[in-house]
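Here's a quick briefing to read alongside the model. Have the sequence and the 3D view open, and hop between topics as you like.

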Amino acid sequence: MQHTDAIVIGAGQAGLAMSHCLSRRGIDHAVLDRGRVGERWRSERWDSLRLLTPNWMSRLPGWQYRGPDPDGYMTMPEVVRFLEGYARAGSAPVETGVTVHAVERAGDGYRVETDQGVRRARAVVVATGHCDVPMVPAMARDLPADIHQITPSRYRNPDSLPDGGVLVVGASATGVQLAEELHRSGRPVTLSVGRHTRLPRLHRGRDIMWWMDRIGVLDERADRARDLGRARAQPSLQLVGHPDRRTIDLAALHDQGVRVVGRTAGVDGGRITLCDDLAETTAAAQATMDRLLARIDAFAGPSKTEGVRPIALPPSPSALDLRAEGIRSVVWATGFRRDYGWLKVPVLDAAGEVIHHGGVTPSPGLYVLGLRFLRRRKSNFIDGVGADAEELAEDILGHLAKHGLAKHGLAKHSYVAA
Ligand SMILES: Cc1cc2nc3c(=O)[nH]c(=O)nc-3n(C[C@H](O)[C@H](O)[C@H](O)COP(=O)(O)OP(=O)(O)OC[C@H]3O[C@@H](n4cnc5c(N)ncnc54)[C@H](O)[C@@H]3O)c2cc1C
């Protein structure tokens with residue numbers, strides 16, 4: 001049985017950032033991934049996707065974008081190269097093709113069961129991703145068998161779908177991108193809109209992420225949030241990283257010919273019922289956006305730039321008859337959940353989410369990293385996970401020091417807890 005001081009599960013940006021921070025502290029560890037480095041960006045994203053965060057926001061501890069286009073948006077192969085370069089530069093001890101089947105408490109540490117054997121570690125960091133498993137509502141089961149259903153993790157390009165009309169459910173970053181791409185491929189597209197976070201790509205001539213970074217909104221701390229549960233449940237940003245830096249919002253999609261309708265409420269055979277909430281959800285998104293833009297304007301000072309006009313959309317129908325409308329496919333762009341079925345330690349709440357305080361779980365030596373608003377608003381962004389990893393690595397160092405240093409790491413490198 002192999003022993004290390006720490007095991008990190010997942011070799012995405014979170015696992016690699018943690019590995020860097022552990023290495024810097026001389027903590028002996030292994031990073032296990034069932035796939036390859038950055039596997040999600042390779043096999044669970046669609047062909048045309050680019051990051052919605054500009055390149056200068058690809059910053060991790062000891063590694064950052066240094067290319068010629070800081071304001072551009074990386075393609076998926078570029079993201080993979082960025083992460084591979086990070087792993088290589090730090091000689092991260094990544095073991096690919098190792099699936100963790102179970103983690104359980106054993107003595108003063110953990111027993112990690114993998115498809116390549118059993119490991120032991122004093123500390124375990126779960127970095128398996130906030131966007132783990134696509135969330136598909138239970139009503140999807142009631143759709144007729146001849147309606148093709150797909151999640152964004154499996155969608156690659158319009159050829160992924162049979163001919164005919166498409167209903168895209170969900171209008172955050174993913175839903176609006178796929179609705180536009182499918183519409184441009186010549187299909188009739190209906191976009192069902194629930195709660196969303198509207199943002200212009202550019203404000204006062206600058207990328208909106210630049211402003212959000214500048215005014216500190218992305219650095220807002222979880223421990224100071226007024227309502228952390230609400231902040232964590234906020235819909236993701238409705239932003240697209242297109243090279244022409246255009247804003248793709250509901251108004252733009254409506255103008256292009258996408259039919260925008262209310263939230264999907266239920267499925268009754270081939271009939272989809274819709275909520276009469278389009279005016280309400282667009283007004284709520286407008287109000288949230290206006291508050292952010294006002295904050296930016298207060299920070300930046302007077303400007304002649306007008307705000308972003310409210311969206312005027314035709315009223316939504318109350319139902320869609322899929323066959324009559326020629327809709328042959330439904331894309332569930334309804335967010336993600338996490339599957340911790342393999343985590344056999346009593347740290348899961350009734351919803352199956354890990355209970356933690358800033359990534360520290362109630363089980364000593366067990367940590368989680370990369371979740372939304374873990375320690376700060378940007379925790380699940382490439383640009384945010386590094387600061388969390390640095391802080392959490394200090395906690396891990398403290399934990400290992402308190403429980404006696406393991407044979408490999410700390411003694412060898414003579415780092416001490418700060
Ligand atoms: C469509 C989409 C677009 C996004 N765009 C941006 C963006 O523009 N900018 C930005 O900053 N963020 C973006 N994000 C958010 C975030 O950066 C990504 O979700 C990112 O992949 C999170 O990295 P991570 O390391 O936390 O987790 P992941 O990248 O999900 O990595 C987790 C790793 O764990 C492995 N794993 C899982 N379970 C096991 C197991 N049991 N055993 C072994 N290995 C396991 C997986 O193979 C995977 O490699 C986007 C997310 C999505 C879904």
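Two strands count as paired if DSSP finds at least two bridges between them. Helices (H or I, at least four residues) and strands (E, at least two) are DSSP runs, numbered from the N terminus. This is a predicted model, so to speak of local features a pLDDT of at least 70 is needed, and side-chain atom pairs count only at pLDDT 80 or more, while totals for chains, interfaces and linings use all residues. Residues are numbered from 1 along each chain as its sequence is written, and side-chain values use heavy atoms, with hydrogens and water left out.

**The parallel sheet**

- An open sheet of 5 strands runs in the order β10-β21-β11-β12-β17, with parallel pairing.
- At its edges are β10 (148–150) and β17 (259–261), each of which pairs on one side only.
- From one strand to the next the twist averages 20°; axes here are lines fitted to C-alpha atoms (for helices, over the stretch in contact), and angles run from 0 to 180 degrees between N-to-C directions.
- Inside this sheet, β11 (residues 165–169) and β12 (residues 189–192) run parallel and are joined by 4 bridges.
- Leu167 has Thr190 in β12 as its bridge partner.

**The antiparallel sheet**

- A second open sheet has 3 strands in the order β18-β19-β20, and its pairing is antiparallel.
- β18 (264–268) and β20 (319–321) are the edge strands with a single partner each, so one side of each has no neighbour in the sheet.
- Here too, the twist averages 20° from one strand to the next.
- β18 and β19 (residues 271–274) run antiparallel, with 4 bridges joining them.
- Asp268 is bridged to Arg271 in β19.

**A hairpin**

- Strands β6 (residues 100–106) and β7 (residues 109–114) are antiparallel and share 6 bridges.
- Together β6 and β7 make a hairpin with 2 residues between them, and Gly107 in the turn has a positive phi of about 60°.
- Across the pair, Arg105 stands opposite Tyr110 in β7.

**Around the ligand**

- There are 29 residues around the ligand, and Asp33, Arg40, Leu52, Thr53 and Ile382 come nearest; a residue is near a molecule or strand if one of its heavy atoms lies within 4 Å of it.
- By class, that shell has 16 nonpolar, 8 polar and 5 charged residues. Ala, Val, Leu, Ile, Met, Phe, Trp, Tyr, Cys and Pro count as nonpolar, Asp, Glu, Lys and Arg as charged, and the others, Gly among them, as polar.
- α1 (13–24), β2 (29–33) and α2 (39–43) each put at least two residues into the shell, and α2 gives the most, with 3 residues.
- A polar backbone atom of Leu52 is 2.6 Å from an oxygen atom of the ligand.
- A nitrogen atom of the ligand has a backbone N or O atom of Val100 at 2.9 Å.
- For Asn380, a backbone N or O atom lies 3.4 Å from a ligand oxygen atom.
- On its own the ligand has 980 Å² of accessible area, and the protein covers 95% of that; the areas come from the Shrake-Rupley method with a 1.4 Å probe, and for residues only the protein chains shown count as cover.

**Glycines in loops**

- Gly38 lies in the loop between β2 and α2.
- With 2% relative accessibility, Gly38 counts as buried; buried means under 20% relative accessible area, exposed over 50%, and partly exposed in between (1.4 Å probe, protein chains only).
- Gly38 and Leu16 are 22 residues apart along the chain, and their C-alpha atoms are separated by 9.2 Å.
- Gly12 is in the loop between β1 (2–9) and α1, and at 23% relative accessibility Gly12 counts as partly exposed.
- The C-alpha atoms of Gly12 and Val80 are 9.3 Å from each other, with the two residues 68 apart along the chain.

**Positive phi without glycine**

- Most residues other than glycine have a negative phi.
- Ser91 is not a glycine, yet has a positive phi of about 45°. Ser91 sits in the loop between α3 (76–89) and β5 (94–96) and is exposed, at 60% relative accessible area.
- Phe373, also not a glycine, has a positive phi of about 55°. Phe373 belongs to the loop between β23 (366–368) and α10 (385–402) and counts as buried, at 2% relative accessibility.

How values were computed: Polar contact = N/O pair within 3.5 Å; in protein donor to acceptor, adjacent residues only side chain to side chain.
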